[in-house]
Amino acid sequence: MSLSTHDPADSPAMSSVEAGTLPAAPERAIATRQRPGLIELLRRRKILIVPMLILAAFVVVGLTAPYLAPLSPTETALGMKLTPPAWLTDGVNARPLGTDQLGRDIASRIIHGARVSLMTALAGILLSGAVGTALGLLAGYYGAWVDALIMRGADMTLAVHIYILAIVLAVVWGPGLGNVLLVTMFLLWSRYARQARAEVLSLKEREFVVAARALGASATRIMARHLLPNILASLIVLSTLQVGFVIVLEATLSFLGAGVPPPNPSWGVMVADGRALIASAWWVSTFPGLAILLVVLSVNLVGDAIRDQLDPRLRRL
């Protein structure tokens, strides 16, 4: 009976080693190193859990405001006007955050105001970002008279004062949410256009853009597939910085009679209404101001983390 001997050198693994190459790693090992973006982001920055929960809570509150608010945001009770919060002297448990000068429940108005303020900020930033980014891409890529025309239009927006524009809109169209969106887009599109243009001017001479142009790619494809993804990170960060500005802008326009018409609640209007009462009834403007602070701070933290995640130069490998 003959016994067959197995030479280790004949095995594929040993042959690969002798040839100077290693066998391919198992697919499972590779898969375990690839995590979804959100999970990887939270694993690296656990501090982001708090601001993301805050943003999620405000979004849920805004979507379910009619069910969460204990009272109607427009219901007045002059007999209970300027009632302090429940934990202070003369406070009422039925009005946990107190009432304003018309006896309206502040907690209910903050809950309903979350929908108005967040939707206004989101819609205004999306509209102005889309318009400004598109014009900035065109100005940076084509240059020449296209660049000059768009940038001169951006300079003209700096010459129009917000108060004059608000008064004109209030007289022509009256108060409304459309005025807020129009003024927001008018004031913010130039910021996105300048940011996009500055980055496109440096990116359009890079090797990958020159190669795409040499292969016959159209200008639209180059801007959409090669330039836009590379400037998206900075535009996201720029958008997060505009949330507080849009909320304050909405308050300013409402104060001038061109924004959200009363008695509809919004955080900016509530802060403006309580400005004259800060010494005697601090809760009227303090609690909506805290809501603005939490949202703006959370958005800035999350936006900065998203920027680091999207930008390969800032991502920690």
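Me: Helix axes are lines fitted to C-alpha atoms over the stretch in contact, and angles run from 0 to 180 degrees between N-to-C directions. With that in hand for this predicted model, at what angle do α10 and α11 pack?

Reply: We're looking at α10, residues 207–214, against α11. Their axes sit 11 Å apart, and the packing angle is about 175°.

Me: Roughly parallel or roughly antiparallel, then, for α10 and α11?

Reply: The angle between the two is about 175°. Anything over 145 degrees counts as roughly antiparallel. So α10 is, relative to α11, roughly antiparallel.

Me: How many residues in the contact of α10 with α11 are nonpolar?

Reply: On the α10 side you've got Phe208, Val209, Ala212 and Arg213, and they meet Ile222, His226, Leu227 and Asn230 of α11. By class, one is charged and two are polar, while the nonpolar count is five.

Me: Over to α6 and α7: is their crossing left-handed or right-handed?

Reply: Helix α6 covers residues 106–142 and α7 covers 144–159, with axes 7 Å apart and an angle of about 145°. As for the hand of the α6 and α7 crossing, it's left-handed.

Me: How many charged residues are in the contact of α6 with α7?

Reply: Leu135, Leu138, Ala139 and Tyr142 from α6 touch Ala144, Val146, Asp147, Ile150 and Met151 from α7. Eight of the contact residues are nonpolar and none is polar; the charged count is one.

Me: Is Gln242 buried or exposed?

Reply: Gln242 lies in the loop between α11 (219–241) and α12 (243–255). Leaving out residues up to four places away in sequence, Gln242 touches Ile125, Leu188, Arg191 and Tyr192. The relative accessible area of Gln242 is 5%. The cut-off is under 20%, so Gln242 is buried.

Methods
Residues are numbered from 1 along each chain as its sequence is written. This is a predicted model: local features need pLDDT of at least 70, side-chain atom pairs count only at pLDDT 80 or more; totals for chains, interfaces and linings use all residues. Side-chain values use heavy atoms; hydrogens and water are left out. Helices (H or I, at least four residues) and strands (E, at least two) are DSSP runs, numbered from the N terminus. A crossing is left-handed if the near helix is turned anticlockwise from the far one by less than a right angle, and right-handed if clockwise. Contact means heavy atoms within 4.5 Å. Ala, Val, Leu, Ile, Met, Phe, Trp, Tyr, Cys and Pro count as nonpolar, Asp, Glu, Lys and Arg as charged, and the others, Gly among them, as polar. Buried means under 20% relative accessible area, exposed over 50%, partly exposed in between (1.4 Å probe, protein chains only). Angles under 35 degrees count as roughly parallel, over 145 as roughly antiparallel, 65 to 115 as roughly perpendicular and the rest as oblique.
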